[in-house]
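Visitor: I have just opened this model and would like a short tour. Where shall we begin?

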Amino acid sequence: MAEVLVVVEHSAGAPKKVTLELLTLARNLGEPAAVVFGDPGTAESLSAKLGEYGAAKIYAAEHADLTGYLVAPKATVLAALVGQVSPAAVLLPSTQEGKEIAGRLAVKLDNGLLTDVVDLAADGTATQAVFAGSTIVKSQVTRGLPLVTLRPNSVTPAPAPATPEVTAVEIALTDKDKLTTVVDRVVEQKGSRPELTEASVVVSGGRGMGSADNFKVVEELADLLGGAVGASRAATDSGFYPHQFQVGQTGKTVSPQLYVAVGISGAIQHRAGMQTSKTIVAVNKDPEAPIFELADFGVVGDLFKVVPQAAEEIRKR
Ligand code: FAD
């Protein structure tokens, strides 16, 4: 069975959830082979978890040049690996880094590329939500191998235990791959909440929150549900919440099991970032708000009454 290369995204010594989704999806197309970039020892430390989700092989691309420079060296290493193993497909996460690697790899291989895919069939047919999520399309790469990035939270990770063999990848980089270097890393303050793009519950606040202080209402509900906090652009532009939490066309794309939109009207640019959420709940005082066209459950009412009441009910259970 041909290998399917899965580019591993990891943090704090563990593969990110989207990596487990990719391994699950890869099993439809062939034998999953994880590609780990990092410092020496990284692949070994991730191997148990990657094996649990079906990685039959792990390619360890471990070199300071891969962590000390921006993404270009990773695309070069990946292109060489594709040449060596002729995989059935290459799958990456639809994250900022994953998409940049994929784009560079597509150019190097003169290959087609499908990004922001939410499903991938065994024959390589990908499902995408386009035009701000208003249209679902099925597409295939017609030049080269299926090179696909998967939107996080699109697939339910399913274990399929395997014992991966770790193989070191030869790293041969030129100065052309090292045109930009990392000069500093600012480690994000990690709170107790899950990462926005990986969370299975997201509670987002909009302009209707009225102030930064009022975002406590959203945070409280998110914490009770074990979720992440998001915000509309109107909320981030108004300084109610930091920009890194913006959901939408020019913010993050989320696809959780549950998305709660609080005081958000549902503009097309906001929908673009949350439309593929499995269940959408909206709280808005305007019954004509467009978010209700999209919501599975809607509450017409004042968020400052509805959300604390919902929190109170959840607390009782
Ligand atoms: P509003 O549209 O002002 O809606 C606020 C809602 O709160 C209203 O529906 C109101 O009825 C309700 N409300 C008010 N008070 C209460 C209350 N007490 N109780 C209950 N409900 C209440 N937007 C994004 O979100 N993400 C993006 O990435 C993004 N990218 C953009 C890119 C471009 C190029 C452009 C042009 C725009 C972009 N926008 C984006 C902006 C987008 O068009 C909207 O302006 C924005 O989403 C509106 O945010 P909002 O729903 O919070 O505010």
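Visitor: Which residues does T253 touch, not counting residues up to four places away in sequence?
Guide: Happy to start there; first, this is a predicted model, numbered from 1 along each chain as its sequence is written, with local features needing pLDDT of at least 70 and totals for chains, interfaces and linings using all residues. Side-chain atom pairs count only at pLDDT 80 or more, and side-chain values use heavy atoms, leaving out hydrogens and water. With contact taken as heavy atoms within 4.5 Å, and residues up to four places away in sequence not counted, T253 touches R151, T197, A272 and G273.

Visitor: How far is the C-alpha atom of T253 from that of P152?
Guide: Along the chain, T253 and P152 are 101 residues apart.

Visitor: How are α4 and α5 oriented to each other?
Guide: Axes are lines fitted to C-alpha atoms over the stretch in contact, with angles from 0 to 180 degrees between N-to-C directions. Helix α4 (residues 72-85) packs on helix α5 (residues 96-109) at about 50 degrees, with the axes 9 Å apart. Angles under 35 degrees count as roughly parallel, over 145 as roughly antiparallel, 65 to 115 as roughly perpendicular and the rest as oblique, so α4 and α5 are oblique.

Visitor: What is the handedness of the crossing of α4 and α5?
Guide: A crossing is left-handed if the near helix is turned anticlockwise from the far one by less than a right angle, and right-handed if clockwise. The crossing of α4 and α5 is right-handed.

Visitor: How many nonpolar residues are in the contact of α4 with α5?
Guide: α4 brings A72, K74, A75, T76, L78, A79 and V82, and α5 brings E97, I101, R104, L105, K108 and L109. Ala, Val, Leu, Ile, Met, Phe, Trp, Tyr, Cys and Pro count as nonpolar, Asp, Glu, Lys and Arg as charged, the others, Gly among them, as polar. Besides one polar and four charged residues, the nonpolar count is eight.

Visitor: How are α6 and α10 oriented to each other?
Guide: Helix α6 (residues 216-224) passes α10 in a left-handed crossing. Their axes lie 10 Å apart at an angle of about 25 degrees, and therefore α6 and α10 are roughly parallel.

Notes. Helix = DSSP H or I, 4+ residues; strand = E, 2+ residues; numbered from the N terminus.
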